[in-house]
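This report describes a sheet and a helix pair in one model. The structure is shown first.

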Amino acid sequence: MAEKMELNEIEVWDGNQAAAQALRQAQVDVVAAYPITPSTPIVEGYGAFVANGYIDGEFVMVESEHAAMSGCVGAAAAGGRVATATSSQGFMLMIEVLYQASGMRLPIVLNVVNRAIASPLNVRGDHGDMYAGRDSGWIQLDAFNAQEAYDMNLCAFKISEDINVRLPVMVHQDGFTTSHTAQNVRPLSDDEAYAFIGDYKPVDEMLDFSKAVTYGAQTEEDWHFEHKAKQHRALMDSYVVIDRVFEEFEKKTGRKYRRLESYMMDDAEVAIVALGATVETCILAAKELREQEGLKAGVVAPRSIRPFPFNEIREVLANVKAVAALDHSVSMGAMGMLYNEIAGAMLSAQERPLLTNFIYGLGGRDFAVDEAKRIFREQKGHADVGYITTEIQQFSGLRGPKLGFYEMKRS
Amino acid sequence: MKGVLATDRRGMRELGAEEMVGWDEVTQGVVLPSFDQAIGNAAFLKPEERPYSDFSSYTATVASWRVIRPVYNRDICIDCQNCWVWCPDASIISRDKQMLGIDYDHCKGCGVCVEVCPTNPKSLLMFAETETIEEALAKWPEKKKKEK
């Protein structure tokens, strides 16, 4: 029997410690991990909790991230509650197995502490790894601070293991900005947290020898399509459970989450759509602009990147005049992911905002409140004249001659 | 060997001959049950006694691409079970430590059984798929003399 831990009403945790504590409270059975900066303290924390008797679980050391996720797939298929963490290069090495996990409908919680992808090598935060995982069939939840890293982990287990979902879930937080910044976190007690998540409910578990099952079957052109369509449907429909879990979480904690977060959007004329810790920077900028310049600025942030909140994007941006999509990663050779997703949603809306794209913060380059304000003001400029006055894709905080792509077509 | 092959009891089907159900009816996560009902003692049942489901390849022939096959010669075999142990596809049929023959619906023709056969001459030899068992047995080599 695992020992309980006495927690204060307010703990000072960074994002990594918050996630590790959530794994402890979830009493994760198996963590197979190959630690990598900046996510290392999450699995290190789990290992320490196991060693000190706070978790009845097993930390499996493996030889690579590919093996780490493979171990998670095996443990989840066997019928255990499973989690791990990774970043950047490690995430890239896991990718093949990420598709296996989602295709086998295995509930696994993966903490992705977002970090840039080489080359050139870089340990700091951007969303390159997050974007590389967006077609992998996982639910992707994004935490903007340490508290949310804790909260999203608790919700992730409950969503992932729900009988109507049975899909793996990634919980994203920004490398260093969130993962290594100590903040006030209000945890649940061990009993409350575990009661919220509930006991693990095994489905088709391989350790039930009375019902032998095959995992990882091969299907060719006569069956593959049907299985992939069923999986896609499960991910698309998972929003129902995500919403329900967020509601239950609010009842328990008072902290309200939505698949598409929006701030000051009721009367917003211009908006920024962003992910990660940048959301908080943009909220601060919008507040100051509203107070100091009377600019009706608002912020929109997908809490759930997959499933993408298509309808909610259309609703919240319906009456906004100009929107900047801030991508913390460059999708080489195309517009940023957020830009494309938003453009795709708004194309079928009655009213469409002017939509521009900023690539910012690659490799951990700082993105400050003043820059967010400048972008808001630029959107106001587009809104006032009724067209995009700049190039559609621009770069924020980049040295050298101004770089940008495409202009608005006007007749 | 009567009664121990899947064909004897349940018939044989070609892979892909299943009912082509739509996306809404396929199993979640492509997880396929081996048996039609829960059983606690599969390890103690002979294959022909187990309630294999149609998702198991037990009743499906998966050997259509084999080009050479092992032929078994009962007259030479000493029932050592080496081939049974080594066969990667459980295609050597043996009951009560007595070798009965080869399950050609699952054998892929890899030849491991021939390699590990210790008798002289071998009790298993590879022949072209086009040769009948009778033709193969008629060609069986003589015992090799030990080289001095």
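The text below covers the sheet and then the helix contact.

The model is predicted. In chain A, seven strands make up an open sheet with mixed pairing, and their order is 3-2-4-5-7-6-13. Strand 3 (58-61) and strand 13 (304-306) of chain A each have a single partner strand, so these edge strands are left without a neighbour on one side in the sheet. On average, neighbouring strands of this sheet are turned by 20 degrees against each other, direction ignored.

One pairing within the sheet can be given in detail. Two bridges join strand 2 (residues 30-33) of chain A to strand 4 (residues 82-86) of chain A, and the sense is parallel. V30(A) has V82(A) in strand 4 of chain A as its bridge partner.

The helix pair consists of helix 1 (residues 15-25) and helix 6 (residues 146-161) of chain A, whose axes come within 8 Å and cross at roughly 25 degrees. Angles under 35 degrees count as roughly parallel, so helix 1 of chain A is roughly parallel to helix 6 of chain A. The crossing of helix 1 of chain A past helix 6 of chain A is right-handed.

The table lists the residues that meet in this contact.

| Helix of chain A | Residues in the contact |
|---|---|
| Helix 1 | G15(A), A18(A), A19(A), Q21(A), A22(A), L23(A) |
| Helix 6 | A146(A), A149(A), Y150(A), N153(A), L154(A) |

Of the residues in the contact between helix 1 and helix 6 of chain A, eight are nonpolar, three are polar and none is charged.

Notes:
Residues are numbered from 1 along each chain as its sequence is written. Chains are lettered from A and ligands numbered from 1 in the order in which they are written. This is a predicted model: local features need pLDDT of at least 70, side-chain atom pairs count only at pLDDT 80 or more; totals for chains, interfaces and linings use all residues. Two strands pair if DSSP finds at least two bridges between them. Helices (H or I, at least four residues) and strands (E, at least two) are DSSP runs, numbered from the N terminus. Axes are lines fitted to C-alpha atoms, for helices over the stretch in contact, and angles run from 0 to 180 degrees between N-to-C directions. Angles under 35 degrees count as roughly parallel, over 145 as roughly antiparallel, 65 to 115 as roughly perpendicular and the rest as oblique. A crossing is left-handed if the near helix is turned anticlockwise from the far one by less than a right angle, and right-handed if clockwise. Two residues are in contact if their C-beta atoms, placed from the backbone, lie within 7 Å. Ala, Val, Leu, Ile, Met, Phe, Trp, Tyr, Cys and Pro count as nonpolar, Asp, Glu, Lys and Arg as charged, and the others, Gly among them, as polar.
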